[in-house]
Amino acid sequence: MAAIAPSTRMLFSHSLRGSVVAASQQIRLASTAAAKKTSGSKTSSNNNDSTDTVILEAKEEYTTGISRLREHYNHTVQDDLMVLTYNHTFKPKAKIPEGVRVELKGNKHIKPAPKAPSPRRIPELVKIDVHCMMKEALTSKFNLLSGFMAIQSITGEMPEIINSKKGVHPWKLRAGNPIGCKVTLKGDKMYQFMDKLVEVVLPRMKEWPGLPESAGDATGNIGMGFPPSALSLFPEIEHNFDMFPRMTGFHVTFNTTASTNLEARLLLSGFNMPFQQKIRSAPVPKAAAPATPSSIDAKASA
Amino acid sequence: MSSILRRQMLRAAGSMRGIARSQIQVVPARLSLAARSYTSATSPASAAAAAAAEAPFKSNISTTSSAGVSSTKDLIINGNRIVAGAVVSRQPLIVRDLTPFEQEYFLYQKNLERESAAPFGAEFYFKKGSVAERRWKQQEAERLASQSTFGSSSPSKSSKAEAAAAGSEGAEDEISEEDRVAAMEAKIEFVDRTTEADRKNDVRSLERALARTLYLIVKKPREQHAWQFPQGGVRVCENLQEAAGRELQEECGGNMDLWFVGRVPIGHYNYSFPKGFAPKTETSPGANGAKVFFMKAHIFAGQVQVDNKEIVDFAWVTKQEMKDYVAPEYYEAVKDMLSDF
């Protein structure tokens, strides 16, 4: 305990109830579970630990107002996405008859066949995952508390502790140790987080050029990482910066129902997410006509 | 699509700067697919006119590779003159009004959420003895006092309220500090949801009906079908988007920052010319009707300038208001591509 930063210690001593206690309980429980797992002694005496757990997570989702970005999606983005992504020359692929073996080229994944365009199949944001891994938790699991509270502050949801699945000896990581935490945001909270990100945080990340043009995992998800310095840009952290002894970087994954990278990027750009542009060299003009920006535009997109 | 992204990047610097604007604006600005929303110019008419005189706004109209070939000949296919129309819309700038039922429902849900929420670790978020902590306790006490009737008030809650009230009592001696902090804090003023243009019913203003999508319609100097979307004939060697952009430039002036949503039309409208009407026989011979293709566009800044030649008036109207302006058959043809919100 001596290694714990002063503010963390204060955090323990001052908060007799509240989420911090729940967090530390969660961490403690996780480690006891890990210990049980590793020692292999499954005694029933430890089971009454779980009855003491403070369960603080709200069980139900409450809709306490209309979400600005959701309204924007419903009224503007959806219409525009329909116009932009509608495939007017869609032809369904021939179905592979039963019993025919499909030879794969290399080890590429089989992609699902593109579906017919429909107003019901407009890409939509489904959930946002916020996840952080803290190396400092290797030395003491209580170092995770700072990141835990930070993620909770910025998302407004109780994070879930992530335990390592495997042990890696050179990193002094043992299987089952708490190593990170994550939050899955859905519904209004998701749109609130998105709003905060694009309106407050991303514009203040000075050196960040925007998401790359190649962003996306080809199945409609886009992920991005944030450095530890970005955490202090969130208004919740900014006003309480001293209370967080360790800043941590974190990952944010946007899960959408888009089926291609293009659709996913269009959707996110509809929410004002900045995308960087690859600087292409101007095409050599055939005629003597000077290359105006519009003609470059046409060439590049052709 | 890549044109959006490209545009996005061009505007990235703008959106970075835009944070200052969005903080000042109390009315939440809507976002757009092109990373911007329509913004009213800081000084209305004079600045806009000056800007128009200096340099017209650009839009994302891309030219075809054969754009170098300029032809004034009209495009006629199967006896129909091909015409490009532009559905220029201003997106909603504020969220819609709530119905009384919705207000009640959201309030109820809010109370439920508070009841079941995790206890707030005030010791963590506020420094002990700080003004912020005291103010928070005071607010909490007021809230609990006002909501004591809601749900089943548990004894622990009321004791909490008392404790908070007791905490706020001993704050008399530091009032000067509190005043100092309050003075430093920015005062938030809420802007009215109805604007000056709403009160005057100024349909030419872009700052009316903030919660609705507005569409641009223009009036031509004629008796029949005077009001309609800005439109004009497509020339040979020109695509629909170019034609729509050119017509907007000709009819409404270059003082509009537009973004065309794709290059595909969102709807079409057929009509045959009345008997005895020969539209510019030298440019379009043999046409006995027209086929209008509507291109969708968003406006981000600027305003229409009436030249009194091609158009004599214009209006920014909602879908429902448009019914009073345009001909019934025209409304029937276009109503399905317009937003109800």
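## An outward-facing glutamate and the basis of the model

B:Glu123 is partly exposed, with 18 other C-beta atoms within 10 Å. Here a residue is called buried if 20 or more other C-beta atoms lie within 10 Å of its own, exposed if 12 or fewer, and partly exposed in between, with C-beta atoms placed from the backbone. B:Glu123 belongs to helix 5 (residues 122-125) of chain B. Helices (H or I, at least four residues) and strands (E, at least two) are DSSP runs, numbered from the N terminus. From C-alpha to C-alpha, B:Glu123 and B:Glu133 are 8.5 Å apart in space and 10 residues apart in sequence.

This is a predicted model, in which local features need pLDDT of at least 70 and side-chain atom pairs count only at pLDDT 80 or more, while totals for chains, interfaces and linings use all residues. Residues are numbered from 1 along each chain as its sequence is written, and chains are lettered from A and ligands numbered from 1 in the order in which they are written.

## Composition of chain A

Chain A contains nine helices and five strands. From the N terminus on, its elements follow the order α-α-α-β-α-β-β-α-β-α-α-β-α-α. Of its 302 residues, 30% count as buried. Among the contacts in chain A with a separation of 6 or more, 73% come from residues 24 or more positions apart; two residues are in contact if their C-beta atoms, placed from the backbone, lie within 7 Å.

The UniProt record, an unreviewed entry, places the feature "domain: Large ribosomal subunit protein uL5 C-terminal" at residues 178-275 of chain A. UniProt positions are given in the numbering used here, feature names are shortened, and annotations may be inferred rather than shown by experiment. The span 178-275 of chain A is 34% helix and 22% strand, and its end C-alpha atoms lie 35 Å apart.

## The sheet of chain A and its helices

Chain A holds an open sheet of five strands in the order 2-3-1-5-4, with antiparallel pairing. Its edge strands, each pairing on one side only, are strand 2 (160-163) and strand 4 (221-226) of chain A. Neighbouring strands of this sheet are turned by 25° against each other on average, direction ignored. Two strands pair if DSSP finds at least two bridges between them; strand 4 and strand 5 (residues 250-256) of chain A run antiparallel and are joined by six bridges. A:Gly223 has A:Thr253, in strand 5 of chain A, as its bridge partner.

Helix 5 (residues 187-201) of chain A packs on the sheet, where it touches strand 1 (125-133) and strand 3 (178-186) of chain A, and its direction makes about 105° with that of strand 3 of chain A. Axes are lines fitted to C-alpha atoms, for helices over the stretch in contact, and angles run from 0 to 180 degrees between N-to-C directions. Helix 8 (residues 261-270) of chain A lies across strand 1, strand 4 and strand 5 of chain A, at about 55° to strand 4 of chain A.

The axes of helix 3 (residues 68-85) and helix 5 of chain A come within 8 Å and cross at roughly 95°. That makes helix 3 of chain A roughly perpendicular to helix 5 of chain A; angles under 35 degrees count as roughly parallel, over 145 as roughly antiparallel, 65 to 115 as roughly perpendicular and the rest as oblique. A:Arg68, A:Leu69 and A:Arg70 of helix 3 of chain A meet A:Tyr191, A:Met194 and A:Asp195 of helix 5 of chain A in this contact.

Strand 6 (residues 256-260) of chain B is largely enclosed by the rest of the structure, because four of its five residues are buried. Five bridges connect this strand with strand 8 (residues 289-302) of chain B, and the two run antiparallel. B:Phe260 stands opposite B:Ala297 in strand 8 of chain B.

## Loop residues of chain B

Most residues other than glycine have a negative phi. B:Asn201 has a positive phi, near 55°, and so does B:Ala209, near 45°. B:Asn201 lies in the loop between helix 9 (196-200) and strand 3 (214-219) of chain B, and B:Ala209 is also placed in the loop between helix 9 and strand 3. B:Asn201 is exposed, with 8 other C-beta atoms within 10 Å, whereas B:Ala209 counts as buried, with 21 C-beta neighbours inside 10 Å.

B:Leu98 lies in the loop between strand 2 (80-90) and helix 4 (100-116) of chain B. B:Leu98 is partly exposed, with 13 other C-beta atoms within 10 Å, and touches A:Ile66 and B:Gln103, not counting residues up to four places away in sequence.
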